[in-house]
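This report goes through one protein chain, from the overall layout to single residues. Please keep the sequence and the model at hand while reading.

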Amino acid sequence: MSKPMYINVFLNDKFSDVTDAMYQKRDQISQETGRNCPPYLSNNKFSPQEDLVLKRGETYAISFWFNEKDGKRSASISIKLAEEYQGSGGGGYRKSSGKDYKAKSIGEDTSVSGKPPRNDDDDGVPF
């Protein structure tokens, strides 16, 4: 039996009130049962529709989403290569597709070097 792979994700401060409640509930369950709290979300019958290969050394963008459709709630995890993901910006949030839309509320989009993208006709290298 192989060891499970753990992927760390980071909590969004916009949900801090809900996050605090989740941690309090986790501690309450652990204290009442004397055991570790079970996972909040799990799927022991997941069967991929295609091969999933995560390569050592590659950088991935991982997002966790709550969904609701026709009154049925679920959650999903999105995993994309970070280089495919960089163009979307916004940390995984869907943006408006309007032609005049600018990500003012999300902040300035920066390149890998931490500098704003250049607009001149260089070779595309951000540094």
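Is Asp 27 buried, partly exposed or exposed? Asp 27 is partly exposed, because its relative accessible area is 42%, where buried means under 20%, exposed over 50% and partly exposed in between, with a 1.4 Å probe and protein chains only.

## Basis of the model

This is a predicted model, in which local features need pLDDT of at least 70 and side-chain atom pairs count only at pLDDT 80 or more, while totals for chains, interfaces and linings use all residues. Residues are numbered from 1 along each chain as its sequence is written, and side-chain values use heavy atoms, with hydrogens and water left out.

## Chain layout

Two helices and two strands are found in the chain. Here helices (H or I, at least four residues) and strands (E, at least two) are DSSP runs, numbered from the N terminus. Read from the N terminus, the order of the elements is α-β-β-α.

Of the 127 residues in the chain, 6% are buried. The chain exposes about 12400 Å², and carbon and sulfur atoms supply 50% of that area; accessible areas come from the Shrake-Rupley method with a 1.4 Å probe, and for residues only the protein chains shown count as cover. Contact means heavy atoms within 4.5 Å. Among contacts between residues at least 6 apart in sequence, 18% join residues at least 24 apart.

## Helix H1 and the segment before it

Helix H1 covers residues 16-33, and Asp 27 lies in it. Just after H1, Gly 34 has a positive phi of about 75 degrees. Asp 27 and Cys 37 are ten residues apart along the chain, and their C-alpha atoms are separated by 7.5 Å.

Ile 7 belongs to the segment before H1. Its relative accessibility is 38%, so Ile 7 counts as partly exposed. With neighbours within four places in sequence left aside, Ile 7 is in contact with Leu 54 and Ile 62. Ile 7 and Ile 62 are 55 residues apart in sequence, yet their C-alpha atoms are 8.6 Å apart in space.

Strand S1 (residues 60-69) and strand S2 (residues 72-81) run antiparallel and are joined by ten bridges. Two strands pair if DSSP finds at least two bridges between them. Within this pairing, Lys 69 stands opposite Lys 72 in S2, and Asn 67 has Ser 74 in S2 as its bridge partner.

What is the phi of Asp 70? Phi of Asp 70 is near 55 degrees, a positive value in a residue other than glycine. Most residues other than glycine have a negative phi. Asp 70 lies in the loop between S1 and S2, and the hairpin has two residues between the strands. With a relative accessible area of 77%, Asp 70 is exposed.

## Salt bridges

How many salt bridges does the structure hold? The structure holds two salt bridges, each being a side-chain nitrogen of Lys or Arg within 4 Å of a carboxyl oxygen of Asp or Glu. One joins the side chains of Arg 26 and Asp 27, at 2.8 Å from N to O. Arg 26 counts as partly exposed, because its relative accessibility is 38%.

Another salt bridge joins the side chains of Arg 73 and Glu 68, at 3.7 Å from N to O. Arg 73 counts as exposed at 67% relative accessibility, and Glu 68 is exposed with a relative accessible area of 53%.

## Aromatic pair

The structure holds one aromatic pair. Phe 64 and Phe 66 form this pair, with 5.2 Å centre to centre and 85 degrees between the planes, and the arrangement is edge-to-face. Rings of Phe, Tyr and Trp (its six-membered ring) pair if their centres lie within 6.5 Å; planes under 30 degrees apart count as stacked, over 60 as edge-to-face and the rest as tilted. Phe 64 is partly exposed, with a relative accessible area of 42%, whereas Phe 66 is exposed, with 58%.
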